[in-house]
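This briefing walks through the strand arrangement, the nonpolar core, the backbone and the charged pairs of the chain shown here. Please keep the sequence and the structure in view while reading.

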Amino acid sequence: MNLFDSIKVPVGIFDLKAFSASSGSLVQHVTGENIVVNDGREALARLLGNDPGDWYVDTMKFGDGGHTVGTPPGLATVDVTDTDLYGNIHISKDVTGAGTTWPATRKVTFTATVEAAEGNGSGSLEYSEAGLYYNSGTDMFAHKAFGYIVKNSTIRLVATWTFVF
């Protein structure tokens, strides 16, 4: 008899909801699996080995490079070799403390909220990608591209990123 055991990279689910700041109603919703990039895999290995350092996720960043230009425009393909967002970073949010929960066995969830008055640039910005980072927000852990969400002072974003081990 042969016994096999393997450790797989965790499945990450990114969920982003855009709410009307005035009514609280849901305006737009995107969800889907992400990719854990090579630096994220390195962090997992170092955490498992009890390597001292800042290997835990602490930051979620949002940007505009999750699309390709064309007719019609499409989603950019994220890759395991990615080290940063593809486009401009609109906002960076801390996800430590209250932004991190362990809702169930073998799951961890990171939450970031972009309030109506935040991340709007000079009026409105297009959001189409997100990344999770560690080491004080310098090293990418996971990357997700998604369809455009236009963010302005009438929109509040709530992002959750859940990993199942």
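**Briefing on the predicted model**

Five strands are arranged as an open sheet with antiparallel pairing, in the order β2-β1-β12-β9-β8. At its edges stand β2 (26-33) and β8 (100-101), each of which pairs on one side only. The structure is a predicted model, and a further open sheet, with the order β3-β11-β10-β4-β7, is likewise built from five strands with antiparallel pairing.

**Sheets and the helix**

- In the sheet β3-β11-β10-β4-β7, the edge strands β3 (35-36) and β7 (89-94) each have a single partner strand, so that one side of each is left without a neighbour in the sheet.
- Helix α1, which covers residues 38-48, packs on this sheet and touches β3, β10 and β11, with its direction making about 130 degrees with that of β11.
- The antiparallel strands β10 and β11 are joined by ten bridges, and Glu 129 stands opposite Ala 145 of β11.
- In the sheet β2-β1-β12-β9-β8, the antiparallel strands β8 and β9 are joined by two bridges, and Thr 101 has Thr 109 in β9 as its bridge partner.

**Nonpolar core**

- The largest nonpolar core holds 29 residues, and among these Met 60 and Phe 62 touch the most other members.
- Two or more residues of this core come from each of β1 (11-20), β4 (57-63), β9 (107-114), β10 (124-134), β11 (139-152) and β12 (155-164), and β12 gives the most, with five residues.

**Backbone at two asparagines**

- Most residues other than glycine have a negative phi.
- Asn 50, although not a glycine, has a positive phi of about 60 degrees; Asn 50 is placed in the loop between α1 and β4 and counts as exposed because its relative accessibility is 67%, where exposed means over 50%.
- Asn 135, which is not a glycine either, has a positive phi of about 60 degrees; Asn 135 lies in the loop between β10 and β11 and is partly exposed, with a relative accessible area of 29%.

**Salt bridges**

- Four salt bridges are found in a search of the whole structure, and in general side chains of opposite charge can pair when their charged atoms come close.
- Lys 93 and Glu 118 meet through their side chains in a salt bridge of 3.0 Å, N to O, and this pair links distant parts of the chain, with Lys 93 in strand β7 and Glu 118 in the loop between β9 and β10, 25 residues apart.
- Within that pair, Lys 93 counts as buried at 16% relative accessibility, whereas Glu 118 is partly exposed, with a relative accessible area of 26%.
- Arg 156 and Glu 115 form a salt bridge in which the closest N and O atoms are 3.1 Å apart; because Arg 156 lies in strand β12 and Glu 115 in the loop between β9 and β10, the pair ties together parts that are 41 residues apart in sequence.
- Arg 156 is partly exposed at 31% relative accessibility, and Glu 115 is partly exposed at 37%.

Note on methods. Residues are numbered from 1 along each chain as its sequence is written. This is a predicted model: local features need pLDDT of at least 70, side-chain atom pairs count only at pLDDT 80 or more; totals for chains, interfaces and linings use all residues. Side-chain values use heavy atoms; hydrogens and water are left out. A nonpolar core is a set of buried Ala, Val, Leu, Ile, Met, Phe, Trp, Tyr and Cys residues joined through side-chain atoms within 4.5 Å. Buried means under 20% relative accessible area, exposed over 50%, partly exposed in between (1.4 Å probe, protein chains only). Helices (H or I, at least four residues) and strands (E, at least two) are DSSP runs, numbered from the N terminus. Two strands pair if DSSP finds at least two bridges between them. Contact means heavy atoms within 4.5 Å. Axes are lines fitted to C-alpha atoms, for helices over the stretch in contact, and angles run from 0 to 180 degrees between N-to-C directions.
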